[in-house]
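Visitor: I have a few minutes and a model to look at. Could you walk me through it?

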Amino acid sequence: MKILVASVYIMGAMLVVLLVALVVGIVWKIKARSEVKIEAPKVVGAGLAPGTAIDSVTLDGDRLAIRAGGEVVIVDVKRGTVLSRVRLFEQ
């Protein structure tokens, strides 16, 4: 019987310790959260002539395809670079 009483006290103490650890962990996560830095948007030149009509724009993941003036320009949105240009017909 004494073993059962001792095990109940031990389990109760473990519950209290784990509850305190949980609360400390939550408070630590909230205080350790860093401020979100807002960056200025990147400006990417697609190299299109001024006045070129854009026919369509398609976004797939981090790739942006711009169809304009008889060519398709592929832009990596995350890096802000032009990956390739595809001419749709000979000029």
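This is a predicted model: local features need pLDDT of at least 70, side-chain atom pairs count only at pLDDT 80 or more; totals for chains, interfaces and linings use all residues.

Visitor: In what order do the four strands of the open sheet lie?

Guide: Strands are DSSP runs of E, at least two residues long, and helices are runs of H or I, at least four, numbered from the N terminus. Two strands pair if DSSP finds at least two bridges between them. The pairing here is antiparallel, and the order is β1-β2-β3-β4.

Visitor: Which are the edge strands?

Guide: An edge strand here pairs on one side only. These are β1 (54-60) and β4 (81-87).

Visitor: In β2, which residue is the bridge partner of Val57?

Guide: β1 and β2 (residues 63-68) run antiparallel, joined by six bridges. Their hairpin has two residues between the strands, and Gly61 takes a positive phi near 70° there. The partner of Val57 in β2 is Ile66.

Visitor: Which residue in β4 stands opposite Asp76?

Guide: Six bridges join β3 (residues 71-76) to β4, again antiparallel. Opposite Asp76 stands Thr81.

Visitor: Does Val8 count as buried or exposed?

Guide: Val8 is found in helix α1 (residues 2-32). Buried means under 20% relative accessible area, exposed over 50%, and partly exposed in between, with a 1.4 Å probe and protein chains only. Val8 has 54% relative accessibility, so Val8 counts as exposed.

How values were computed. Residues are numbered from 1 along each chain as its sequence is written. Side-chain values use heavy atoms; hydrogens and water are left out.
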